[in-house]
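Please work through the following exercises with the sequence and the model side by side, and try each task before reading its solution.

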Amino acid sequence: MIVTGATGGIGSAIVRGLVEQDVVVIAIGRTAHKLKALAAELKPLNPTLHTLAADFAGPKWPAQVEKVLTLHPTIHWLIHCAGFLDPSESFDNIKELDKTYTTNLLAPVRLTKMTLPRLDTLGGVIAISSTAANGGSGRYPHYAASKAALNVFTLSLAPLAPLPSFAPC
């Protein structure tokens, strides 16, 4: 399984739960020192844990992920937990707007495309989203819109692929 956002709250909780069940996990996180600490904690429980420090807002992550995928020809589930929310979000800050949409939507779409050929027939894609995606957010409109778009993308995969499960959560 691939879990993105592995150094954050929901992502790290999912990684911990999967590792405790002896599942082979590729944990991808943005913050290298947090990922190192997670690996130090969990590798003794499950030596198959693979970690990858990758920033989905940057240009290098596709090559990093592709290298890891060569070690794992079959992926059972792809769980998108990575997210970015700029607490000072404004329409004037184009750099943060780009980072929000790249991290929350474009990178998950690209990663899904990269992993679909490797997903087994009992697997699927789960996108951990936000309640802000359901009705918008006056304070964080780009965050809400990016998560809503990820939800629609994930739901749109179901009729296009023979896999059984595509779900935004």
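The exercises below concern a predicted model, and each task is followed by its worked solution.

**Exercise 1. The aromatic pair**

Determine how many aromatic pairs the structure holds, and decide whether the planes of Phe56 and Trp61 are stacked or edge-to-face.

Solution. The structure holds one aromatic pair. The ring centres of Phe56 and Trp61 are 4.8 Å apart and their planes meet at 80°, and since planes over 60 degrees apart count as edge-to-face, the pair is edge-to-face.

**Exercise 2. The largest nonpolar core**

Identify which residues of the largest nonpolar core touch the most other members, and state which element gives the most to this core.

Solution. The core has 18 residues, of which Ile2, Ile28, Phe56, Trp61 and Val65 touch the most other members. Two or more residues of this core come from each of S2, H3, S4, H4 and strand S5 (119-127), and H3 gives the most, with four residues. For Val65, once its neighbours within four places in sequence are left aside, the contacts are Ile28, Leu52, Leu111 and Met114. A second, separate core of 16 residues includes Met1, Val3, Ala6 and Leu42.

**Exercise 3. Strands S1 and S2**

Work out how S1 and S2 run relative to one another, parallel or antiparallel, and then describe the setting of Ile2.

Solution. S1 and S2 run parallel and are joined by three bridges, and the bridge partner of Val3 in S2 is Ala27. Both faces of S2 are covered, with Ile26 and Ile28 buried on one side and Ala27 and Gly29 buried on the other. Ile2 has its place in strand S1 and, at 1% relative accessibility, counts as buried because buried means under 20%. Neighbours within four places in sequence aside, Ile2 is in contact with Ile26, Ile28, Leu69, Ile75, Trp77, Leu78, Ile79 and Thr115.

**Exercise 4. Helix H2**

Find which residues of helix H2 (residues 32-42) are buried, and explain why they can be said to line one face of the helix.

Solution. The buried residues of H2 are Leu35, Leu38, Ala39 and Leu42. Seen down the axis of H2, they fall within an arc of 100°, and they therefore line one face of the helix. On the other side of H2, the residues His33, Lys36 and Ala40 are exposed, whereas the cover over the buried residues of H2 includes helix H1 (9-20), S2 and S3.

Definitions and conventions
Residues are numbered from 1 along each chain as its sequence is written. This is a predicted model: local features need pLDDT of at least 70, side-chain atom pairs count only at pLDDT 80 or more; totals for chains, interfaces and linings use all residues. Side-chain values use heavy atoms; hydrogens and water are left out. Rings of Phe, Tyr and Trp (its six-membered ring) pair if their centres lie within 6.5 Å; planes under 30 degrees apart count as stacked, over 60 as edge-to-face and the rest as tilted. A nonpolar core is a set of buried Ala, Val, Leu, Ile, Met, Phe, Trp, Tyr and Cys residues joined through side-chain atoms within 4.5 Å. Buried means under 20% relative accessible area, exposed over 50%, partly exposed in between (1.4 Å probe, protein chains only). Contact means heavy atoms within 4.5 Å. Two strands pair if DSSP finds at least two bridges between them. The arc is that of the directions from the helix axis to the C-beta atoms.
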